[in-house]
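Here is a short report on one protein model. It goes through the strands, then the helices, then the nonpolar cores.

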Amino acid sequence: MDFSVLGPVTVIAGPPTAPIELPLGPAKRRSVLAMLLLRPNATVSVEQLITSLWEDEPPAHARTVIQGHVSRLRAALAEGGAEEHGVELATHSSAYLLRIPESLIDTQRFDQLTAQASPESAPGEAVRLLRQALGLWRGPALTGTVASPPFAAAAHALEERRLSAVEALARAHKALGEHEEAVRALHPAAVANPLREGLIAALMLALYRSGRQSDAIAWFHRTRQLLDDDLGVDPGQRLTAAYQEILRAAPEADGPQAGAERAGAPGPSGQPVPSTPSHPQSVAAAASAAAPVPELLPRPPAGFHGRGAELAELTRLTRGSAEPAQGGSGGYPQEGGIALLTGPAGVGKTGLAVHWGHAQAAAFPDGRLFADLRGFSGGEATVPAEVLREFLLALGTPAEQIPTSTEAASALYRSLAARRRLLVVLDNAGSSAQVRPLLPGGPHCATLVTSRSRLDGLIATDAARPVRLHALGTEDGAALLGALLGPARVAEDPEAARELVALCDGLPLALRAASAQLMARPRWRLGRLATALRDERRRLALLSAEDTGVAAALRNSVARLSADDAQLLRALGTGFAREVNTAEAAALSGADPELIQDSLERLAEMHLLDEEATNRYVMSDLVKLFAQGDGSGRGETPGKGSGEASGEPPQGA
C-alpha cells in the first residue's frame, strides 16, 4: 500500500503492475485520513479533528459524523489489504490512532531522502536523493482536504520543506558546476513563489554563473518591484547581496560562459528568451509575444440594443480618450483604467460588459479574461484564489507552478499581466475585497467590474470610475423586444410594446423573460401578455423563465441585507406609492430616524432604492411588488416556482 499527501490525498493498493486507488469518499473523510497520516502512530483526538474539519461552528452531531467517516475509512482500508501491510486504524477512548509502517507514507520517505542528502560534501549522491524526493510530489500538498486553517498551515509547512529541498538540489548542482541544471531546478519554484527572496537570490546567481547576466538582473528588479508593491519593503540581505555580487563580478560574465543563453531557456516571465542577450524589458517583451492568448469571455449577448453613451464611457475610462464623454468625469489615466458598472438587478450590466469586450477585441491582442465572482448568486461567492488559478492557467502557467497562497498567486498574475494588453472582466462582484487581488495593474490592461453594490471602497482605494446603468427608455426597450421577437411582431401592436416596457420597469432581464413567454406562445399578441402583467399578483411570476427572472435576481440582492434592512424594505413596499423621505420611512417602520437614514442609504447602495434627490428615495414597481411578498425573499408568492437564482445572466442591453 502507498499513502500519499504530497498532492491529492490518496491510498494506492494492489500489486505494482495493477495498482488500484481506494475510494476515500468526500473531502471531510479524506481530511480525517490526512490528519492521521500527518501524525502517524500517534493519537489524534476527536476535538482536534473537529477543529480541523469545521472552520466555523461545528454541527451538534460532529462526533457522530467523524465516527461515520472513520468507520468507512476502516472498511476501505480493509478492502485494500491493510492488515497484510501492518496498517490499523484504532480507536483509543476519544481519539484515533493510525498504526502504519512509516515507509508507506510519502511524507516520511521524502523526509528520509532529504535528510540523507549532503549537497556540499556529496553533491552527486545528493542530486540523486533529492530528485527522488521531489519526484514524490504530485501537486500542492493535501489537495482534496477541507479548506480550514489547520490544513492550510500543514500544507504550507510541507511546501516549505519542498522548497528547501529544491534549494538544496540547486546547491548540489552548483557544487558540480552544473549551473544550467540549477536554473532548471529553481526556476519553476521561483515563478510560483515570487516573494521568496532566498529562492530568487539562488536563481539569480545560478543564472549569472551560466552566463545569463541580464536575466539575473531582470529577476532582481522584478522582485524588488513586487516587494515594494505588495509589502512596501526593500529587498532583504540575501537578495541584495546576490545582486551586488553579480554587479561586482560582472566582467567575469564575458568569460567562457558569456552568451551561453540558449534559445528556449526560461526567463523571468516563464517564457523562452532569445539566444542573444538583451535588455530585461526586451526579454519580457519577447516572452509576452510567445504567451497564450486567453479568450474567456462568454458569447456575445443576443439582441443587444442601445447603450451607446455607456459604451463610449467604458471606452474612455478603460482605454483613454482626449475628451471625457458628456456627463462623465475627467482626469482619468489614459491607460490601465478600471470601470465599475453598477446598477440594480436585471439592468444588463453583464451583457453590456460582455458586448463591449467583444466589440473591443482588437484593442486587447494578448487576450480577454472573464470571471463570475458570484457575489449575488444565492450561494457562496467565488474565492479570489480560484479565479487567480484559472487566470494563471489561461496565461500559460503550469498547474504545478501556481502558488498556493492568494498573495503570491496575485503577485505572479500581476507580473504576467504587466506588459500585456489584456481585458479583465470581473462580473457580479460582491465586495471590493473580493475584487482587489484580481486587478491586473498593468498600464496596458483594462478592467471592467460589474456589481449590484456601489463598491465605494474600490473607488476610494483603486481609482475605479463608476458607470451607473439605468433602466432602458421606452424606445430602446421596445427595440430590444423587436430584436428578440422580430420587428414585425412588435410593429403589430406598438402601444402594447411600450406598455410592456413600462410594466417591466425597462429592465432588460424582465423584457427578456417577457419575450420568452411570447416566443413560447407564437399566437399571442403583445397586448395579451400586457393584460396579464397588469395583474400585480402575477407579474413577477410571469417575468420568470426557468432558473432566472426578476424575482430570483431580487431574492439574491435582498439576501445580502440585514434583518432590519429587509424589514424596512418590506415596510416601504407596503407603505408608500413612489417616493419617501427619512421621516416618512421612520414613521412607516416605527424606528429611530437616524437608524432609518443609514438603512435607506444601504438600500440605495444595493440599488433597491434610488435617491432621486437629497432625502427623496424612489422604489421601482417590481422591487415594490417583490417587497410586498415578505421583504426577505423567502417564500414570497411572486417568486415561488421560479427556481434558485443562478446570478445575473448576460442581459444584453
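How many bridges join strand β8 to β9, and do the two run parallel or antiparallel? Five bridges join β8 (residues 368-372) to β9, and the strands run parallel. The model is predicted: local features need pLDDT of at least 70, side-chain atom pairs count only at pLDDT 80 or more, and totals for chains, interfaces and linings use all residues. Residues are numbered from 1 along each chain as its sequence is written, and side-chain values use heavy atoms, with hydrogens and water left out.

**Around β9**

Helices (H or I, at least four residues) and strands (E, at least two) are DSSP runs, numbered from the N terminus. Two strands pair if DSSP finds at least two bridges between them. β9 (residues 423-427) also pairs with β10 (residues 446-451), in the parallel sense, over four bridges. Asp372 has Asp427 as its bridge partner in β9. Leu423 has Ala446 as its partner in β10.

β9 is mostly covered, with five of its five residues buried (under 20% relative accessible area; exposed is over 50%, partly exposed in between; 1.4 Å probe, protein chains only). Leu423, Val425 and Asp427 point one way, while Val424 and Leu426 point the other way.

**The open sheet**

Three strands form an open sheet in the order β4-β6-β5, with antiparallel pairing. Its edge strands are β4 (43-45) and β5 (88-92), each pairing on one side only. The twist averages 25° from one strand to the next. β4 and β6 (residues 95-99) share three bridges, and Ser45 stands opposite Ala95 in β6. Contact means heavy atoms within 4.5 Å. Axes are lines fitted to C-alpha atoms, for helices over the stretch in contact, and angles run from 0 to 180 degrees between N-to-C directions.

| Helix | Strands touched | Angle |
|---|---|---|
| α2 (residues 46-53) | β4 and β6 | about 65° with β4 |
| α3 (residues 62-79) | β5 and β6 | about 150° with β5 |

**Cores and α6**

A nonpolar core is a set of buried Ala, Val, Leu, Ile, Met, Phe, Trp, Tyr and Cys residues joined through side-chain atoms within 4.5 Å. The largest has 112 residues; Phe3, Ile66, Leu142, Met204, Leu426 and Val449 have the most contacts inside it. α6 gives the most to this core, with ten residues. Apart from it lies another core, of 78 residues, including Phe304 and Cys504.

Helix α6 (residues 149-175) has 27 residues and reaches 39 Å from first C-alpha to last, close to the 39 Å expected (1.5 Å times one less than its number of residues). Just after α6, Gly177 takes a positive phi of about 75°.
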